[in-house]
Amino acid sequence: MVKKLGLGLAVILALLFAASQIFKVQIGERLFGKAVATNFGNNVLADLPDGLHVILIGTGSPLADPSRAGPSTAVIAGKRLFIIDSGGGAVRKMGEIGLPAAATERVFLTHFHSDHIDGLGELMLQRWAGGGYDAPLPIHGPSGVAQVVTGLNAAYAQDRDYRIAHHGADVVPPSGFGGTPIVFETGMVMDDAGVTVTAFAVDHDPVSPAIGYRFAYKGRSVVITGDAAYSDDLARQAKGADILISEALNPDMVGVIESAAREAGNPRIAKIMADIPDYHITPVQAAQVAQDAEAKLLVYTHIVPALPTPYLNARFTKGAADKFSGDIIVGQDGMIFSLLPQ
Ligand SMILES: [Zn+2]
Ligand SMILES: [Zn+2]
């Protein structure tokens, strides 16, 4: 009896397999149509309630990490989308998350290390092609932002001409191409319809200027360190923040890579690994900043080194919970944090 049932099952499976082979074009068409419809409806902004929200787009660093895009964070105030840095792969991650590049209102750059701007040209292009704007994307940054933005505008100029020739100026208005650099000094850099953005200098020497940001909306606030070594001033800047988004580098784990590189006969990588800890903050130091600032939540991003599995998170954050009494989260691409108005 059991044997008979088993044989019957095998026949059914074989028939199903045969049917799936015969109808695979039709099945593919159905699946593709459904996926396209779902993707068009995939806009995370539409579902967010009023408030201040953070979406981690890319939580990686210059070190290759297959699970993390380059550094990029979205801050959403109401329905207004601001992007802080745009690293490699960040725009594709936005698509996956359901954050339309075309909805980007403004970009704020922390500094001009390549990992923070590798995706900026793509963001400028996608926002223009997807949004049909007639003015370029405003890109705020400290001194040096004009060189980055005008350089990218120049690099994409031929692409601009091809697309205008192909789709027409009504679809891709020439005046909306690219970005407009907006240089600021530190302090209040935006105060518009209840949203304030404050920029403060951080220590990322020899990278200067380097900036952190505080976003505030309806009584809630988020502070983003950018790339920053520890300093007493960080706690002052992050005072009372609901969420502190801090970069983090674990020097012990980087030290393991340094030793391995040296043993493998790669002194160049060993030297780079030896250099980088001095201009980044450690998870434990960031926890101390969060405690001193009386922040409510600490989220790590710009994770160095790569943590290919969450099983390494405890090693990465070792000692941090002793410093900070609030919650600590190791950021992953796509995480959303929502703060309702207060
Ligand atoms: Zn960086
Ligand atoms: Zn940097």
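**Questions on a predicted model**

Biologist: Why is alanine 193 called exposed?

Modeller: A residue is exposed if 12 or fewer other C-beta atoms, placed from the backbone, lie within 10 Å of its own, buried if 20 or more do, and partly exposed in between. Alanine 193 has 9 such atoms within 10 Å, and therefore counts as exposed. Its phi is near 50 degrees, a positive value in a residue other than glycine. This is a predicted model, in which local features need pLDDT of at least 70, side-chain atom pairs count only at pLDDT 80 or more, and totals for chains, interfaces and linings use all residues. Residues are numbered from 1 along each chain as its sequence is written, while chains are lettered from A and ligands numbered from 1 in the order in which they are written.

Biologist: What makes glutamate 294 partly exposed?

Modeller: Glutamate 294 has 13 C-beta neighbours inside 10 Å, so it falls in the partly exposed class. Its phi is also positive, about 60 degrees, although it is not a glycine.

Biologist: How do you know that the span of helix 10 agrees with its 13 residues?

Modeller: Helices are DSSP runs of H or I with at least four residues, strands are runs of E with at least two, and both are numbered from the N terminus. The expected span is 1.5 Å times one less than the number of residues. For helix 10 (residues 251-263) this gives 18 Å, and the end C-alpha atoms are 18 Å apart, so the two agree. Glycine 265, with a positive phi near 75 degrees, follows helix 10.

Biologist: Why are strand 3 and strand 4 said to pair?

Modeller: Two strands pair if DSSP finds at least two bridges between them. Strand 3 (residues 80-84) and strand 4 (residues 104-108) have 4 bridges, in the parallel sense, and therefore pair.
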